[in-house]
Amino acid sequence: MAKGAAAPPVSLHTRTPKAITIAILAMGGEGGGVLADWIVDLAEHSRHRAQTTSVPGVAQRTGSTIYYLEIFPEDEVQAACKEPILALMPVPGEVDIVLASELMEAGRAIQRGLVTPDRTTLIASTNRVYSMTEKTAITDGRVDSAKVIEASGAAAKTFVHADFARIAEDARSVISASLFGALAATGALPFRREQFEDAIRKGGVGVESSLAAFDAGFRAAADRAASAIGRTEPTKAKVGPRLQAGVERLADYEDVAYASDYLKWLEPIRDLDAKFGHNDSALLGETARYLALWMSYEDAPRVADLKIRRTRFDRVHQDARVEPAQMLQIKEFLHPRVQEIADMAPAPLGRLLLRSALMRRLTEAITGNGKIVETTSLHGYLQLYMVACMRRWRRVSLRFGKEQKAIAGWLDLIARVAPEDYALALEIAECPRMVKGYGDTHAQGEKNYEAIMAALPVLRPKRNAAQRLRNLREAALADDTGEKLAKALAGEATN
């Protein structure tokens with residue numbers, strides 16, 4: 001070697017093979033384990049070593065499990081002349097592929113650092129299974145799916161999303177099959193489509209339906225237009241369709257005459273909006289929305305009517321994937337409170353029931369333990385049918401009179417405030433959103449609404465009255481105990 005020449009580099013060891021790392025986030029019953037097994041079988045029959053582990057957990061919706069897989073090319077393992085070390089858990093920043101069976105599972109993967117923009121292919125289903133906190137929120141507590149989709153697109157190197165749950169249902173299969181098809185379409189694994197399909201065939205269970213869902217998932221993922229689902233900004237609803245929706249809702253709830261009453265109640269608001277509004281019909285639109293919801297309050301006849309509709313039976317059959325030769329039983333647990341029974345009774349009888357300690361005790365003795373009704377049996381169906389038929393006497397019920405009086409007071413207040421303070425009238429129009437649900441949730445919402453209405457005369461002369469009312473309403477919606485509203489009301493009293 002010439003003096004001064006650089007010595008050639010000496011290789012102390014051969015290159016360590018790199019694993020393909022895969023994390024599957026799925027909830028109970030969605031076939032996450034089946035999907036992991038398919039991938040392992042696919043790898044092992046394609047000259048790869050594979051390992052899978054699972055870590056079960058408990059989510060707010062149902063059991064949630066992370067399945068973690070590592071795949072090594074056999075040729076590289078042999079070239080390295082040593083056995084690979086297989087990890088048992090995904091490491092943040094070191095995951096190549098993430099499959100999520102539900103949109104919030106994708107969000108959790110991002111929070112855990114499993115999705116990175118320089119490496120990860122994220123495949124997520126856009127369907128939602130709402131958590132208990134979303135379901136029990138006084139206001140609309142649902143997480144904004146569009147924001148999760150936007151964040152997923154920013155977090156991942158490649159992001160594929162579609163409603164793979166619906167795709168699987170249409171093929172009468174499970175979401176694991178449609179996600180497997182989407183995985184094949186991304187090209188993130190070094191295997192051909194035929195090899196993916198062979199893995200399903202080797203499973204030997206539900207092969208035809210699984211292959212159909214696989215094909216549908218493959219096509220959805222291959223179509224780049226699927227990546228745009230949910231990215232468009234929601235447009236503001238116009239008054240026309242909103243009024244139409246209100247009319248249809250109330251005609252279905254009671255009858256056409258009741259829907260006509262809805263329109264008559266809105267006529268003064270329409271005129272005030274035309275005179276004092278800003279040519280966007282904001283006051284009419286918000287009043288129309290909450291008036292329709294208030295007029296269609298949930299009572300026992302409404303609940304019973306919805307439970308025995310053919311559309312509901314069809315939906316349950318589809319969700320349960322009932323075969324033609326199978327029978328399905330639907331059992332309802334009914335536990336009406338004394339107040340709910342009094343509400344649907346004729347007003348004089350309802351008031352008597354609430355006043356009489358003897359009648360209350362007798363009613364509680366009959367209904368206190370609740371009752372299981374099999375809706376799919378003739379006897380059970382007829383029981384709910386009789387309750388649903390009580391809608392024809394709804395107008396003489398105790399609750400109907402109470403709700404009509406409250407609605408009239410709310411609309412009258414809007415009409416009186418709009419000429420003086422249009423912005424405040426608009427905030428008053430949105431106040432019924434505090435009253436929703438049934439049972440304790442409805443009672444607390446009603447209490448909050450009444451407290452804010454009682455404070456309104458003090459708010460009206462103050463500066464920024466509309467903003468102050470909005471702050472009170474948001475405080476009421478922030479918790480289901482009324483504590484934040486109480487503090488906000490106390491603060492207003494001292495200002």
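For the residue classes used in this report, Ala, Val, Leu, Ile, Met, Phe, Trp, Tyr, Cys and Pro count as nonpolar, Asp, Glu, Lys and Arg as charged, and the others, Gly among them, as polar. The structure is a predicted model, in which local features need pLDDT of at least 70 and side-chain atom pairs count only at pLDDT 80 or more, whereas totals for chains, interfaces and linings use all residues. Residues are numbered from 1 along each chain as its sequence is written, and side-chain values use heavy atoms, with hydrogens and water left out.

**Overall architecture**

The protein contains 23 helices and 8 strands, where helices (H or I, at least four residues) and strands (E, at least two) are DSSP runs numbered from the N terminus. Of its 495 residues, 44% count as buried, a term that means under 20% relative accessible area, with exposed meaning over 50% and partly exposed lying in between (1.4 Å probe, protein chains only). The accessible surface comes to about 26400 Å², and carbon and sulfur atoms hold 56% of that area; such areas come from the Shrake-Rupley method with a 1.4 Å probe, and for residues only the protein chains shown count as cover. Among contacts (heavy atoms within 4.5 Å) with a separation of 6 or more, 71% are between residues 24 or more positions apart.

Grid points are joined across faces, edges and corners, and a volume is the space filled by probe spheres set on the points.

| Space | Volume | Lining by class |
|---|---|---|
| Largest cavity | about 40 Å³ | 4 nonpolar, 1 polar, 3 charged residues |
| Second largest cavity | about 40 Å³ | 5 nonpolar, 4 polar, 1 charged residues |
| Largest pocket | about 1300 Å³ | 17 nonpolar, 7 polar, 13 charged residues |

The second largest cavity, with about 40 Å³ of space, is lined by 10 residues, of which Ala26, Gly32, Leu35, Ser101 and Leu179 are the closest to its centre. At least two residues of this lining come from each of β1 (20-27), α1 (32-44) and α7 (175-186), and α7 gives the largest share, 3 residues. The lining of the largest cavity is made up of Asp299, Pro301, Asp343, Met344, Met390, Trp393, Arg394 and Ser397.

**Helix α8 and its surroundings**

Helix α8 (residues 193-203) has as its buried residues Gln195, Phe196, Glu197, Ala199 and Ile200. These buried residues pack against α1, α7 and α9 (207-222). An α-helix has 3.6 residues a turn, so residues three or four places apart point the same way. After α8 comes Gly204, which has a positive phi, near 75°.

**Individual sites**

Glu332, in strand β7 (residues 331-334), counts as buried because its relative accessibility is 5%. Its side chain and that of Arg312 are joined by a polar contact of 2.5 Å, a polar contact being a pair of N or O atoms within 3.5 Å; within protein, one must be able to donate a hydrogen and the other to accept it, and residues adjacent in sequence count only if both atoms are side-chain atoms. Beyond its neighbours within four places in sequence, Glu332 is in contact with Lys307, Arg312, Lys371, Ile372, Val373, Thr375 and Leu384.

Thr120 sits in the loop between α3 (103-111) and β5 (121-125) and is buried, because its relative accessibility is 0%. A polar atom of the Thr120 side chain lies 3.0 Å from the backbone nitrogen of Thr116. Leaving out residues up to four places away in sequence, Thr120 touches several residues, including Val95, Ile97, Leu114 and Ala156.

Met434, in the loop between α20 (422-429) and α21 (439-459), is also buried, with a relative accessible area of 1%. Its C-alpha lies 9.0 Å from that of Glu474, a residue 40 positions away in sequence.

His317, by contrast, lies in helix α14 (residues 310-320) and is partly exposed, with a relative accessible area of 33%. Not counting residues up to four places away in sequence, His317 touches Val322 and Leu328.

How values were computed. On a 1 Å grid over the protein atoms alone, a cavity is a set of points where a 1.4 Å probe fits but cannot get out, and a pocket is an open set with protein on both sides within 12 Å along at least five of seven lines; lining residues have an atom within 4 Å of a point.
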